[in-house]
Structure formats: structure tokens, C-alpha cells
Amino acid sequence: MELSRAEAKVKVSDPITRGDIDILERWESKLLEDAIELRRAQLQRGDHPEQR
């Protein structure tokens, strides 16, 4: 369940948390690299999902 939620967030470009990255890594998701790039971009523009 948590894997599908994390993958869905990547697919729609929702804010990605470190926890999402951990889940994708644990389950060896094909979307891990996309999630890392998306999170990096979000952080660079000042969007910090953990602070919401």
C-alpha cells in the first residue's frame, strides 16, 4: 500500500518526502530515480514537503 501511494505521488508530481524516497528504495521501485530528481527540483525551488 505505501509503495503504490509513493509511486502515485511521483506520477502526479506531488511533493516528495524523504520517507517516500525510502519506501521506493526499499521496494526497488522503477520510479526511484524519477522521485529523487523530482524531490531535488522541489527542494531547489524552496518546496520542503516535510515542513507542511
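Guide: Let us begin with charges: Lys and Arg count as positive and Asp and Glu as negative, while His and the chain ends are not counted. The place of a charge is NZ of Lys, CZ of Arg, CG of Asp or CD of Glu. On that basis the chain has 10 positive and 12 negative charges, and their mean positions are 3 Å apart.

Visitor: What kind of model is it, and how are the residues numbered?
Guide: The model is predicted: local features need pLDDT of at least 70 and side-chain atom pairs count only at pLDDT 80 or more, while totals for chains, interfaces and linings use all residues. Residues are numbered from 1 along each chain as its sequence is written, and side-chain values use heavy atoms, with hydrogens and water left out.

Visitor: How many helices and strands are in the chain?
Guide: There are 3 helices and 0 strands, and from the N terminus the order is α-α-α. Helices (H or I, at least four residues) and strands (E, at least two) are DSSP runs, numbered from the N terminus.

Visitor: What does the radius of gyration say about a compact globule with 52 residues?
Guide: The radius is taken over C-alpha atoms, and the globule rule is 2.2 Å times the number of residues to the power 0.38. For 52 residues that rule gives a value near 10 Å; the chain has 10 Å, so it agrees with a compact globule. Along its principal axes, the C-alpha trace spans about 30 × 20 × 20 Å.

Visitor: How do you know on which side of α1 the buried residues lie?
Guide: In α1, which covers residues 2-11, the buried residues are A6, E7 and V10. They cover an arc of only 100 degrees around the axis, so they sit on the same side of α1. The arc is that of the directions from the helix axis to the C-beta atoms. An α-helix has 3.6 residues a turn, so residues three or four places apart point the same way. The buried residues of α1 pack against α2 (18-26) and α3 (32-44), while R5 and K11 are exposed on the face turned away.

Visitor: What makes the buried residues of α2 line one face?
Guide: These are D20, I21, I23 and L24. Seen down the axis of α2, they fall within an arc of 160 degrees, so they line one face of the helix. Their packing partners are α1 and α3.

Visitor: Which label do D22 and E25 get, and why?
Guide: D22, in helix α2, has a relative accessible area of 31%, so it is partly exposed. Its C-alpha atom is 9.9 Å from that of L3, 19 residues apart along the chain. E25 is also found in helix α2; with a relative accessible area of 47%, E25 is partly exposed. E25 touches R18 and L32, not counting residues up to four places away in sequence. From E25 to V10, 15 residues apart in sequence, the C-alpha distance is 13 Å.

Visitor: Where is E28, and why does it get its accessibility label?
Guide: E28 is in the loop between α2 and α3. Its relative accessible area is 69%, so E28 is exposed. Its phi is positive too, near 55 degrees, in a residue other than glycine.

Technical notes. Buried means under 20% relative accessible area, exposed over 50%, partly exposed in between (1.4 Å probe, protein chains only). Contact means heavy atoms within 4.5 Å.
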